[in-house]
Amino acid sequence: MQNHRAHPSVTIPQRSRSPVYHPPEVYSPYPFEAGSQSSDSLLSAWDATPTARRPSTTLEVPDRPLSRARSTFSTPTVSPPQPEIHRSASQRLPIHANKHRSSKSETLLNGRSPEDDYVARSYTPATPGPAPSFEISPLQSEEGLKRFQKGSLDEKDEAWHSLVPNEAREALGKHEVERQCVLFEIFKSERDYVYDLHVIREVFVEPLKSALPPIISPGERLQTFLSTVFWNLEQITTHHERLMEDLFARQREQHPLVQSVCDVILESFFQFKLDYESYIEHYPLAEQRHRTELNHNQAYQDFVQRCSRDPRTKKRDLVTFLSRPVTRLPRVNLILEHLQKRTESDHPDAQDLPVVLGVLNDFLKSTQPGIAAAESKVKFWNLCDSLAFNKGEIIELALYNDTRCLVYAGTLARRSKSEMDWNPWYDLHVALLDNFLLITKEEKLPGDAIRRLVVSRPIPLAYLRLGSFDDPPENRKERPEDGSFLRVSYRPMYPFTVYHAFEKATRRYTLYASTEAARTKWYEVLVNTKAVEDARREGNRFFVPQVVDDGTFRVPGPRSGRSRKHPSGRVVHAVSFIASGGKRFMAFGCASGIYIGRRGETFRKILSYENAKNIIVLQDFNKVLIHHDGYLLSYSLEVLARVVQYQSPARALDASLETIAGQDGPVICCHAGKVKDRTIVVYAVKAFLHTNVYALEVCRPSDSGIRPPWNLQFPTLSFRPYGEVLFYFYLPQDPYSIMTLTKTIAVAMERGIAIADPQNAGKTVISIIPDFSGAPSNSAMGDLKAHCEASRPLGIVPCDISELMVIYDTMGCYVTKHGRPSRDSSFVRWEIKADSFLHRAPHILLFCSEFIEIRDVQSGRLDQVIEGADIRLLYAPTVRSALPLVAWRGGKDDDDGLSEQIVELIDTAEIKPVTPGSGVVVPPDVWDEWEM
């Protein structure tokens, strides 16, 4: 789109310069904007933001630079005493030689009066001022144009008619004058826009970087702030400095009759399009970051106030300057629309302007989704900043995750269950995130701030269930605004129900929407958001269940009794071991006995110990321990494997049997592990008024060295005392479970977790954690103590080298390595009531009959939920190489009963993208099967 149109030139004698003017303080709209109706919809989103301002400093412009804007034709000039309009030598050829249709201005030169063409048009131009005298003023010369481009003219002189002699205006006619005034606004607005971009850099960015002491610290936070708030303004400034130079070059070349700027604008647009798209879509985030810093940083408030007093800002705030790039392209679009109205159909711009306007309009429409997404993110941040949770509880919502977003929010009502309230209705602010449903109550604060109190614990979408959405409306009683009790109005409210999948009764919420359409909208967004979250969780599982067996083990069902097979009963424990030359076997403790076999083959009942409480494999010592009916027994793994393979008779097991404990009292619980690099077996025996905890070291009969004298208490060859009686305590302090730590053992009991050293008989209980000795003087610790006393301790797991997490059935809390509560005595509440747990760093798996809840140990964040029926943890391995075994209700229901499905939980790894520099080579045929 080149500008080859012939144009008249005006030769103006040189005169002296006029006095330098100062820019106005107040913004005035473009002359043609007051009556504009065509682009209201385009600019409606930005009407509240002032844009065009007058600069107060000069922009140095070269006299006549060579640029892409220079016309193809040269324009010779002469200097007679009075201005005259003539054509250049190249333009004095006959019109038909160039096959060019005459424009209005050319017809004027051929003898036609412009009044003949414009007499029927009634229009009052927006820019005319008092008619100048016939004498040419200094402004109506090339010097005046230079001063305009440098920004050194008075406001009253910054108009096209002020820079053009009266004779030239009269010769051109009203319509062409109007068109030139619109073109002049393009030059002026571009100059003012570049000036404002320079103000942002000089008044805001550079002083913020160089401030001593720093206004925003530390340095990393300042850099993040600058990149977030000012984004890519530097690139946009560079683009427009270049565009301004090209526009000014075109103006100096063709003034006073500029033919077109479409080619200059269109070429520049394609250069800065991507930068503008990025800035416009990011703008809501930049404004929000600025306002957040303004509300929380007094030093930044003072800095912004000082900047607003700078004369260059003209009392405009930073938000106004940040919005300048957002409103610039709509303003250019508006000017070009007015230029199109003032362009004759035979002018080349009549074909060029629709192209430019189409490109601009398409671009502005394409940015709307990005702006909407950014505005949604701003609303989400505002919600996050206003949330107030109950003290002491850690609720990890992952709010500042890059993928987190606010899906939908609105006001819903709830009805109080109390019948004493005159008006039992109250309003709630309900927000649906992409991972949680929040129910809050708004509270007004001074300064129009809002605090949202979380009235109920957030519901993860994995646990959210939808109830009825079609119940009939209920009437809400409302008091009139004057507070009168005599007149009462009623408003229909439309109920719907949501509830927590585990706590179906206690966390069930009936909410009321004001209209049927609002209730339908809530149903749609809840269903869609849950579907998206389910798909996301399915594709980002940390543990994947893999079926080991489904059908071998059965429990009595509705159709049981018709088969001659006796069901195995409920599976309660399982282990995996290697024997018989490297073959892998699996053992399952069921209600009817212990079944052993190889994976994928038939499992046989080898031992008749019903409902064994625990099965422990000591692979390095060829032993399997069975806790049954108050006794702790030991068998040889090799003998057990030979019996399973029919290589030895069942009575051969009796020869390898060793009774470890149970003669002096029933064994309550037991555990095996390593303490100080030695394998020990720890078990608790209940006596008359107390419970004793013993520790035995596992050994091989062939081991040499000094051995303690055998006594009747430990008459076995494979186990020897690791210490004397560790400690005892009076009833009802029965232990729930035992764990081995690096140097000590941990016993979970009603009062907490008891830590003991099995080798130090003189110092029994080292400590009971959590240590609540400071609770009387610390209210937060006192609250934590109350929550812990109401829960059942299950065990303890390490977080890092200095912190541990105590696991309870309903919650978990953090303690230091000395046992004192950490993180300000905060705790993490589970969504379920766990009966067992498994630590697979960095996660902890909590088990109940309906769900497996998987959380990050360090943060308490909920990462995954596995749902099932009658879930049980069968095997919790102590080494990473072994896989946990879980049982739940299977998929078979026939005459043999209901099946028990045995699954392994397989750890997954994150799939990372392959980059050219990663060194990973993808085979060329890896995608061949997909026919891509």
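A residue is called buried when its relative accessible area is under 20%, exposed when over 50%, and partly exposed in between (1.4 Å probe, protein chains only). The model is predicted: local features need pLDDT of at least 70, side-chain atom pairs count only at pLDDT 80 or more, and totals for chains, interfaces and linings use all residues. Residues are numbered from 1 along each chain as its sequence is written, and side-chain values use heavy atoms, with hydrogens and water left out.

Leucine 873 has a relative accessible area of 16% and is therefore buried. Leucine 873 belongs to strand E38; strands (E, at least two residues) and helices (H or I, at least four) are DSSP runs numbered from the N terminus. Contact means heavy atoms within 4.5 Å. Beyond its neighbours within four places in sequence, leucine 873 touches Val572, Ser836, Phe837, Leu838, Phe847, Leu885 and Val886. Valine 886 is 13 residues from leucine 873 in sequence, with a C-alpha to C-alpha distance of 4.7 Å.

Strand E38 is part of an open sheet of 4 strands, ordered E12-E40-E39-E38 with antiparallel pairing. Two strands pair if DSSP finds at least two bridges between them. The strands that pair on one side only are listed here.

| Edge strand | Residues |
|---|---|
| E12 | 543-555 |
| E38 | 872-875 |

Strand E39 (residues 885-894) and strand E40 (residues 897-907) run antiparallel and are joined by 7 bridges. Glutamate 900 in E40 stands opposite arginine 889.

Helix H13 spans residues 349-366, 18 residues in total, and reaches 25 Å from first to last C-alpha, close to the 26 Å expected at 1.5 Å a residue. That expected span is 1.5 Å times one less than the number of residues. Its buried residues are Asp349, Asp352, Leu353, Val356, Leu357, Leu360, Phe363 and Leu364. Down the axis of H13 these fall within an arc of 130°, so they line one face of the helix. The arc is taken from the directions from the helix axis to the C-beta atoms. On the other side of H13, Gln351, Asp362 and Lys365 are exposed.

A nonpolar core is a set of buried Ala, Val, Leu, Ile, Met, Phe, Trp, Tyr and Cys residues joined through side-chain atoms within 4.5 Å. The largest one has 73 residues, with the most contacts inside it made by Ile186, Phe230, Tyr300 and Leu336. Helix H6 (residues 174-210) supplies the largest share of this core, 17 residues. Apart from it lies another core of 39 residues, including Leu784, Met805, Val806 and Ile832.
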